[in-house]
Amino acid sequence: MTDDHTTPAHFSPVRLVPVHLLPGPPELPAHGIATRPWRSTVRGDRADRLTTSVTVSLPPPIADVRFVPLAVDLPLLDRAAEALRTLDRQHGDRLGPLGAVLARTEAVASSRIEDEHADLADYARAVVGSRANGSATLMVAATAAVRRLQDDAASGTITAASVLRAHHDLLRDDPLDGPDAGRWRTVQNWIGGGRTPRRATYVPPPPELVPAAMDDLLAFTARDDLHPVAQAAIAHAQFESIHPFTDGNGRVGRALIGAVFRRRGLTATVTAPVATALVADRARYFAHLERFRSGSVHGFVADLAVAVGIACDEAAMTAMVLDEHAAWAASSTAASAALADAVLTEEHADTLARTNGTTTERLVDDLVRAGRLRPVTTRRRNRAWLVVDVADELDALGTRVATAVHEHAMLRHLHAAPGGRLSEGRAA
């Protein structure tokens, strides 16, 4: 065993385990509804053309809402918060690049929740602007958005300007939504149902209500009287209910979770890959967001705490694995820096070579021959390489998190009493 600075304390949430899928008394005010005029501007079937109104959801204000976690959940939430502090304290400074590595991991996982798929080689190509699939380009943009929102939150306040900047980072190069990047939507949107909202599964509030709803949400994130994990869960669910953008709501909304953690001081440098845990059980995650509209949130608060704990456990393991890989290149400052992130760009390699009195070709060729780098571009300029050990570990991190989430789900069902009532047990 290694010393306390490198061995993560295993996160073991013990609680009364609810399935939280059955309706119950609301824990927050439920969303209201309103009927608004609607006129379809796209061709559709006769029913779409004859639709003259749409029922929209009206998320209630939460700036001053009172929320008290279940007593049985408080130890779980406290352990999740401490897991974040420990991850940041033990690995934030000792393994500085972990922050960048995990921010990439979080962005990639968040994109996969939206059914955007690309491997790390695609991601590396997109980093240097090489021909890559559209999903990879979005993942690179999502990395910038995640880091932007968290860095801004470190100032002590999450502002509308920082949310809009993050959205701009995410979608500014999108051919369809680029013109709306960094702006609250000015049109009605909906989830599901096709080209019109007639059969939509959810219709967010009308666009004229978005600015005030976001101001209210951001006032909620400025509070310090709530448990930070519960605050992050509620803020994220409310953001998704408002759906303030034409696209990119899920990715910016999940980045908001980390921003709340940063603002509340649970992290300073590290991004815990919480979305990696959420993507492992997408159906449950989406079901929580749906139940939130009826005022049910305890289940999501508890599940987010579990996701945080799992993510921190496995991220700490990743830190140790990457530290072991770094020992291979410890005798060379240039090689060590070149292998610190998942992607090495030619620009960064040039800088390292100049600083350390060598050439880019010698630095890169030595690492390629050693099996530490793998080229992913074929052009002569603006090349990129995948850092093999880091890329392999990021894949392993995703696998470990998914396995832990599935094991947690099995235990949750084993300990759930008949009829979905609460029963005492160990959730993970």
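**Reading the model**

Modeller: Let us start with Gly-265, which comes just after H9 and takes a positive phi of about 80°. Please keep in mind throughout that this is a predicted model.

Biologist: How far apart are the end C-alpha atoms of helix H9 (residues 249-263), and what should the span be?

Modeller: Helix H9 has 15 residues, and at 1.5 Å a residue these should span 21 Å.

Biologist: How many of the residues of H9 are buried?

Modeller: A residue counts as buried when its relative accessible area is under 20%. H9 is largely enclosed by the rest of the structure, because the buried residues number 15 of the 15.

Biologist: Is Glu-393 buried or exposed, and which residues does Glu-393 touch?

Modeller: Glu-393 is found in helix H16, which runs over residues 388-415. Its relative accessibility is 7%, and therefore Glu-393 counts as buried. Leaving out residues up to four places away in sequence, the residues that Glu-393 touches are Thr-318, Val-321, Leu-322 and Arg-400.

Biologist: Is Pro-61 buried or exposed?

Modeller: Pro-61 has its place in the loop between strand S3 (53-58) and helix H2 (74-91). The cut-off for exposed is over 50% relative accessible area. Since the relative accessibility of Pro-61 is 62%, this residue counts as exposed.

Biologist: How far apart in space are Pro-61 and Met-214, C-alpha to C-alpha?

Modeller: Along the sequence, Pro-61 and Met-214 are 153 residues apart. In space, taken from C-alpha to C-alpha, the distance between Pro-61 and Met-214 is 9.6 Å.

Biologist: At what angle do the axes of helix H14 and helix H15 cross, and which residues of H14 and H15 meet?

Modeller: The axes of H14 (residues 346-355) and H15 (residues 360-369) come within 8 Å and cross at roughly 110°, which means that H14 is roughly perpendicular to H15. The residues of this contact divide into five nonpolar, one polar and one charged. On the side of H14 they are Ala-349, Asp-350, Leu-352 and Ala-353, and these meet Thr-360, Leu-363 and Val-364 in H15.

Biologist: What pLDDT does the protein chain average, and where does pLDDT stay under 50?

Modeller: At least 70 is the score of 82% of the residues, and the chain averages a pLDDT of 84. One stretch where pLDDT stays under 50 is residues 419-428, with 35 contacts beyond four places in sequence in the model. Another such stretch, with 70 contacts beyond four places in sequence, is residues 1-24.

Definitions and conventions
Residues numbered from 1 in each chain as written. Predicted model: local features only at pLDDT ≥ 70, side-chain atom pairs only at ≥ 80, totals over all residues. Heavy atoms only, no water. Axes fitted to C-alpha atoms, helices over the stretch in contact; angles between N-to-C directions. Helix = DSSP H or I, 4+ residues; strand = E, 2+ residues; numbered from the N terminus. Parallel < 35°, antiparallel > 145°, perpendicular 65-115°, else oblique. Contact = heavy atoms within 4.5 Å. Nonpolar A, V, L, I, M, F, W, Y, C, P; charged D, E, K, R; others polar. Buried < 20%, exposed > 50% of the residue type's maximum accessible area, 1.4 Å probe, protein only. Expected span 1.5 Å × (residues − 1). pLDDT = per-residue confidence, 0-100.
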